[in-house]
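Student: Could we look through this one together, starting with whatever sits around the ligand?

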Amino acid sequence: MNAPSLNAVLRQHAEHQYAEELAELARQDDKPKPPNWQLSPWAVKTYLLGGKLANGFEVSAKYIGSARLIEIAVATLATDRALLLYGVPGTAKSWVSEHLSAAICGNSTLLIQGTAGTDESALRYGWNYARLLAEGPSEHALVASPMLKAMRDGKLARLEEMTRVPSEVQDTLITLLSEKTLPIPELGIEVQAQRGFNVIATANNRDKGVNEMSSALMRRFNTVILPTPDSFDEEVAIVSRRVAELGQALALPAEKPALEEVRRVVAIFRELRNGVTEDGKTKLKSPSGSLSTAEAISVIGHGLAVAGYYSDGVLRAGDIAASITGAIVKDPVQDKVVWLEYLKTVAKERDGWKDLYRACMDVV
Ligand SMILES: Nc1ncnc2c1ncn2[C@@H]1O[C@H](COP(=O)(O)OP(=O)(O)OP(=O)(O)O)[C@@H](O)[C@H]1O
Ligand SMILES: [Mg+2]
């Protein structure tokens, strides 16, 4: 089978999508690197936060937010402690984890998705049963988990949604992280982690079905809390940038997102999330959903698809009304009350928001 062309792939891995930036950073990078890292901590930080290199090459910003947080995250990975990115949904935990591993070890695919059904073999190893029966336990019959591969090759393993994994399975990580070795008793061998190995876990504290982490495990991690964007302008910048990138990847026929619509969606999300209008004058009730930046990105993305395929491609209030309402009204009774109250007390009265008010009232 021929490998699919990279351009046909719906979503490229960070190390492919930003291969040019990573290569240029590697060329310019003369700072000291931790063992087995592809880039120095300085270059990794520049890759994440963006910047101009000495030769004028522009590196795009992947994460918009506090530089200090990124420094702490990168520095953690150079120590023997693992990194836990923690926070409410949609604060770019998975996104930062992917870009950190792409920049540090050139591979963001050693990924374990934590679910209630994740068992020890997902963190250690499993067996190819046909081979196991035919040959008995051998290295050929062993199916290495992404964690085992990362240890063997000195790379970063990513564990997504760690707190969804049952607590007793999570604890498998304790010895692995402190001894840096994974015994395989069936073969009488152990795999010792090579330099460069570490783990980036993500977890959020909001979703249902979350299992507490034991304090023994917690101690092996350095926790970095990713916050929701500080300011309105920062959040607008994140949404505009990501929507433009996604629109390109999905080849949407719409025009670039109108900044005005992005500003309105972000304003609504922030006000409802914070329970107060931006001017601080009106108290609001918050709906049950998280109204994250990630959801604002999908609302605008969806609006662009509607505008592009069903009208002239210009994003207007009518194109986003349905998806804003869908993002806010997760509980058909309580959230609907909250949303209607917002529309009637805030949106209706605001200058230049009549079109949005009417479009939303039509679909609630
Ligand atoms: N500060 C930010 N800088 C850049 N992009 C951001 C930022 N905050 C959110 N995003 C965007 O939000 C989207 C969702 O982020 P991501 O999936 O990483 O969230 P998450 O924290 O892992 O959420 P969950 O807890 O639901 O898994 C990404 O496309 C990311 O680009
Ligand atoms: Mg995530």
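Student: How do the residues of the shell around ligand 1 divide into nonpolar, polar and charged?
Tutor: They divide into 8 nonpolar, 4 polar and 4 charged, where Ala, Val, Leu, Ile, Met, Phe, Trp, Tyr, Cys and Pro count as nonpolar, Asp, Glu, Lys and Arg as charged, and the others, Gly among them, as polar. This is a predicted model in which local features need pLDDT of at least 70, side-chain atom pairs count only at pLDDT 80 or more, and totals for chains, interfaces and linings use all residues. Residues are numbered from 1 along each chain as its sequence is written, chains are lettered from A and ligands numbered from 1 in the order in which they are written, and side-chain values use heavy atoms, with hydrogens and water left out.

Student: Which residues are the closest to ligand 1?
Tutor: Of the 16 residues that surround ligand 1, the closest are Ile-64, Lys-93, Ser-94, Trp-95 and Arg-242, and a residue counts as near if one of its heavy atoms lies within 4 Å.

Student: And which helix gives the most to that shell?
Tutor: Helix H5 does, with 3 residues, while H5 (93–105), H12 (232–249) and H14 (293–310) each supply at least two; helices are DSSP runs (H or I, at least four residues) and strands are too (E, at least two), numbered from the N terminus.

Student: What about domains, where does the shell draw its residues from?
Tutor: At least three come from each of domain 1 (6–225) and domain 2 (232–363), with bounds from an automatic or database domain assignment.

Student: New topic: where is Glu-161?
Tutor: Glu-161 lies in the loop between strand E7 (156–160) and helix H9 (167–170), and its phi is near 55°, a positive value in a residue other than glycine. Leu-291, in the loop between helix H13 (259–274) and H14, also is not a glycine, yet has a positive phi of about 45°.
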